Amino acid sequence: MFNLSGKTVLITGSAGGLGKEFAQRILQQGAKVCLTDIKTELGQATEKEFVKAFGADRVHFEVCNVTNADDVLKVWQNACQKFEVDHLDVLVNNAGVMGEKEGWKLCLDINLRGVLNGCTLAMEKMSRANGGRGGVIVNVASILGLFNAQQPKGWAYNTSKSAVVTYSRCVGTAETEAQDGIRILTLCPSVTQTPILDGCTQAELAEMKKNVGGFLQADQVGKAFMTLLQTGQTGSVMSVWKDCPPYYIPDTGMGLFILYTTCAMVMRFVPKSVFDPTNGLKFFPHMTFILVAMLVVWILVAKFSMWLLF
Ligand SMILES: NC(=O)C1=CN([C@@H]2O[C@H](COP(=O)(O)OP(=O)(O)OC[C@H]3O[C@@H](n4cnc5c(N)ncnc54)[C@H](O)[C@@H]3O)[C@@H](O)[C@H]2O)C=CC1
Ligand SMILES: CCCCC/C=C\C=C\C(=O)C/C=C\C/C=C\CCCC(=O)O
């Protein structure tokens, strides 16, 4: 289990909401936390609250806009200076917006470019291959990064979050961990009661509540976050859903791609007339055919082995 005691941590977008929740839990484990956000007043108030609880030598707030790589570098350097260290151990890329009022360009800039700014810098600074000490990066995505919800209005948010999941899986490999000593983790919460919901109308909230069966509280996501940070394997993606323990989502993309491609290859030998030819490029009938064929083969094999055994 990753021991946080004495470690140095930088969390983006941590003046309030989930970022503040993560910061509090990390501080409770004995680490030093640099809070960062674009909200100066809220950030300073959170800093004050945490200084009171954990001491001035373990908490620091800096204004930082994640869309600006120079800002992120400056904050990284200032955090090292404040905590009198030459490295940071953990980066949590948490800052994010829903994007409906910000527009798609800013949404992608904050939710995707912001994460990539943080990751690129952290990979460079933490990499053992570059003389760093290794570390952990946690990217906060969303369950909306795990499937393609049919939400024409929310496409920018969903696109940004699935890109974060993809990036984390591409880079969070055993090789990266062996070479650079960096674990890359992704957290995908369902809808959680935080200030991000403030901009929603009652009707939107009611609809969303109906769709997801109720909202998570920040402390439930905080608990899952700590499990991921302390025990998650690199490249892993944790989903947090109401009323069940957090669980990991494997990357099934390659498996499905191979399955569908195999189906398409097999279908070359099935006469077109078996199916509606207009469905030639649709895979539902193909899949049904292949699955039924696989089931029949499986039953025959099972039966045959029973005959052999008894
Ligand atoms: N609350 C929810 O339902 C869910 C939230 N998430 C994700 O969790 C993360 C945290 O969100 P919440 O705490 O819920 O929202 P929040 O709105 O309370 O916190 C987000 C923080 O990011 C900051 N921020 C926005 N733009 C920034 C920028 N350019 N640079 C630096 N900071 C910036 C905001 O000032 C805010 O303090 C986000 O990435 C969000 O997408 C994921 C799934 C569900
Ligand atoms: C319509 C406004 C909704 C605002 C929700 C605000 C923040 C949500 C952040 C998320 O990351 C949401 C996470 C999960 C949503 C899950 C499912 C959505 C189901 C699709 C639907 O409701 O149509």
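Predicted model: local features only at pLDDT ≥ 70, side-chain atom pairs only at ≥ 80, totals over all residues.
**Entry 1. Overall fold**

I began with the chain as a whole. The protein has 310 residues, of which 44% count as buried. I counted its secondary structure as 10 helices and eight strands. For the extent of the C-alpha trace, I noted about 75 × 50 × 35 Å along the principal axes. Among contacts between residues at least 6 apart in sequence, 69% join residues at least 24 apart. The exposed surface comes to about 16,800 Å², and carbon and sulfur atoms supply 60% of this area.

**Entry 2. Ligand 1**

I next went through polar contacts to oxygen atoms of the ligand. A polar side-chain atom of Asp37 is 2.6 Å from an oxygen atom of ligand 1. For the side chain of Tyr157, I recorded 2.7 Å between an N or O atom and an oxygen atom of ligand 1. The side chain of Lys161 places an N or O atom 2.9 Å from an oxygen atom of this ligand. On its own, ligand 1 has 820 Å² of accessible area, and the protein covers 95% of that.

I also looked at where the shell comes from.

**Entry 3. Ligand 2**

I repeated the search for ligand 2.

Asn211 lies at 2.5 Å, Ser142 at 2.7 Å and Tyr157 at 2.7 Å. The protein covers 84% of the 620 Å² of accessible area that ligand 2 has on its own.

**Entry 4. Annotated transmembrane regions**

I consulted the UniProt record, an unreviewed entry. The record places the feature "transmembrane region" at residues 247-267 and 288-309. I then examined residues 247-267 in the model, where the chain is 71% helix and 10% strand. The end C-alpha atoms of this stretch are 36 Å apart.

Is Thr234 buried or exposed? I place Thr234 in the loop between α8 (218-231) and β7 (237-240). Thr234 counts as buried because its relative accessible area is 14%, under the 20% limit. The side chain of Thr234 reaches the backbone nitrogen of Ile184 at 2.9 Å. Leaving aside neighbours within four places in sequence, I listed contacts of Thr234 with Gly172, Thr173, Ala174, Glu177, Ile182, Arg183, Ile184 and Leu185.

I then turned to Asn117, which lies in helix α4 (residues 104-126). Its relative accessibility is 16%, so Asn117 counts as buried. What does the side chain of Asn117 reach at 2.8 Å? I found the backbone oxygen of Val66 at that distance. Not counting residues up to four places away in sequence, Asn117 touches Val66, Thr67, Asn68, Ala69 and Val72.

**Entry 5. Positive phi outside glycine**

For Glu84, phi is about 55 degrees. Glu84 sits in the loop between α3 (69-82) and β4 (90-93). Its relative accessibility of 75% is over the 50% limit, so Glu84 counts as exposed.

For Asp243, I noted a phi near 65 degrees. Asp243 is in the loop between β7 and β8 (247-248). I recorded Asp243 as exposed because its relative accessibility is 67%.

Definitions and conventions. Residues numbered from 1 in each chain as written. Chains lettered and ligands numbered in written order. Heavy atoms only, no water. Polar contact = N/O pair within 3.5 Å; in protein donor to acceptor, adjacent residues only side chain to side chain. Areas by Shrake-Rupley, 256 points an atom, 1.4 Å probe, with all protein chains shown as cover. Helix = DSSP H or I, 4+ residues; strand = E, 2+ residues; numbered from the N terminus. Buried < 20%, exposed > 50% of the residue type's maximum accessible area, 1.4 Å probe, protein only. Contact = heavy atoms within 4.5 Å. UniProt positions renumbered as here; feature names shortened; annotations may be inferred.
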